[in-house]
Amino acid sequence: MVDMLNHNKTISDIIFQLRKEKNLTYAELEELTGVGKPVLQKLEKGSTKRPEFKTVKAITNALPEAYQELIECYITIEKRTEVLYEVLQDVLSSGRKPSLASKVALRLLENPSNETEDSLQRLYYFTQAVSDSSLRLELYNVIVKYSRKHGVMNYIAKGLLQKYLIERLDLKRLEQTFQGGLEIIHYIDFLSNEEKVIYYFRMGLHAHNTKKYRECIEFCENGMVLEKNESELKARAHLSMINSYSALKNYDKVEELLDVFGKYEYDFVYEAANITRAITKARKGEYDIAIPQLEYHLEECSQQNRLHIVDELLEIYLKIDNLDACSKLLERENEIMKTCPDDPNIYRAKGKYYRHKGHYQLTIGAIDEGVKSFASSLQYLDKINAFEEKDTCMREFFYCLTKNSIILNKELMDIIYIMAYNVNE
């Protein structure tokens with residue numbers, strides 16, 4: 001077995017050890033690798049100080065267990081930028097641990113033949129073309145760390161922004177990644193106008209998804225000042241501002257912004273504006289107007305908006321004790337849930353749906369089903385660590401038990417306990 005811990009080895013040492021461990025002659029190693037016997041002999045004796053990468057690659061193809069150790073040795077002796085990029089590309093495509101890519105990237109940045117900012121710029125643009133997000137994140141980490149060390153402010157800013165845009169997609173870490181995104185504020189002046197717009201709008205959407213409604217409004221307003229042209233991202237940021245004002249119960253501002261929002265020329269805008277107007281009526285308690293509007297939109301809207309409308313209708317029906325209307329709506333569950341995408345707002349909406357469903361079921365005496373619906377609600381909310389909504393779900397659950405004089409057996413209580421506190425059975 002190759003000693004992977006001895007980082008002071010040379011390529012000569014590694015080839016010698018491989019040959020001895022596998023009991024290979026030079027002829028046999030030549031047959032395995034396609035590298036000529038004289039070249040292998042010179043490598044093992046150390047007379048070839050800087051082999052070509054194609055030679056090293058041929059050896060690693062035949063003896064993959066030596067890949068990392070050979071690459072780590074090779075990059076200590078190779079100084080040519082183009083060859084090091086060839087090595088980096090090979091490491092990325094090999095599916096090896098991201099840490100090896102980091103080592104090659106750092107070697108590229110430390111190459112004394114290039115200016116620091118030029119090296120950072122090239123690695124930054126190279127990284128943008130990497131398809132694997134985990135590898136891209138690893139390289140951006142190298143860029144940020146090296147930029148901090150050398151005081152290259154613009155690449156601290158650019159690297160942090162790109163890191164944030166990747167990390168924000170982790171639905172289980174929405175709060176942590178939002179806090180990480182806040183660091184970029186300190187470097188905002190080193191971003192281009194386009195990058196600032198992306199940052200402000202993405203942070204605004206993120207703030208909305210974590211129920212930081214005032215922060216959402218502030219971030220989006222900053223982006224609106226900078227973005228003079230229309231874009232779909234700008235329209236979605238505008239809608240998140242509207243929803244934030246709605247959550248803050250500033251319905252006059254909601255209706256004012258809806259007039260502006262309705263002028264965007266994107267497919268989702270017309271429907272979103274109409275549904276939001278109806279939801280605003282519901283939030284204001286104008287049920288006689290809201291109910292027929294929401295029922296109409298439920299039949300006419302796209303699939304992605306149905307769940308949100310159903311949540312609003314169920315909430316109204318439960319408030320006014322219209323259990324028949326609840327029952328008819330719940331009968332359409334398969335249709336409503338079909339093709340809902342993975343998204344923080346959808347998980348939150350599903351959590352709300354099953355909370356309402358559980359409320360209805362406990363009210364009509366379907367105890368087992370009601371408990372399982374509340375458990376499903378908690379399960380969806382747990383996907384995005386929505387602790388506040390989980391607390392709301394538990395409060396409503398116990399309210400329903402008390403209101404309907406329900407006493408649960410231990411098995412049903414355990415179901416809720418496990419989901420609420422995320423403990424293992």
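**Cores, a helix pair and a pocket**

Let's start inside: the largest nonpolar core has 50 residues, and Ile71, Val87 and Leu88 have the most contacts inside it. A nonpolar core here is a set of buried Ala, Val, Leu, Ile, Met, Phe, Trp, Tyr and Cys residues joined through side-chain atoms within 4.5 Å, where buried means under 20% relative accessible area (1.4 Å probe, protein chains only). This is a predicted model, in which local features need pLDDT of at least 70 and side-chain atom pairs count only at pLDDT 80 or more, while totals for chains, interfaces and linings use all residues. Residues are numbered from 1 along each chain as its sequence is written, and side-chain values use heavy atoms, leaving out hydrogens and water.

Now pick out Ile71. Beyond its neighbours within four places in sequence, Ile71 is in contact (heavy atoms within 4.5 Å) with Phe53, Val87, Val91, Leu100 and Val104.

Next, find helices α7 (residues 98–110) and α8 (residues 116–128), whose axes come within 8 Å and cross at roughly 145°. Helices are DSSP runs (H or I, at least four residues), numbered from the N terminus. From α7, Ala105, Leu108 and Leu109 make the contact, and from α8 it's Ser119, Leu120 and Leu123. Five of these contact residues are nonpolar, one is polar and none is charged.

Finally, where do you find the residues nearest the centre of the second largest pocket? Look for Glu175, Thr210, Asn385, Ala386 and Phe387, part of a lining of 14 residues. Helices α11 (174–182) and α23 (387–403) each give two or more residues to that lining, which divides into four nonpolar, four polar and six charged.

Definitions and conventions. Axes are lines fitted to C-alpha atoms, for helices over the stretch in contact, and angles run from 0 to 180 degrees between N-to-C directions. Ala, Val, Leu, Ile, Met, Phe, Trp, Tyr, Cys and Pro count as nonpolar, Asp, Glu, Lys and Arg as charged, and the others, Gly among them, as polar. On a 1 Å grid over the protein atoms alone, a cavity is a set of points where a 1.4 Å probe fits but cannot get out, and a pocket is an open set with protein on both sides within 12 Å along at least five of seven lines; lining residues have an atom within 4 Å of a point.
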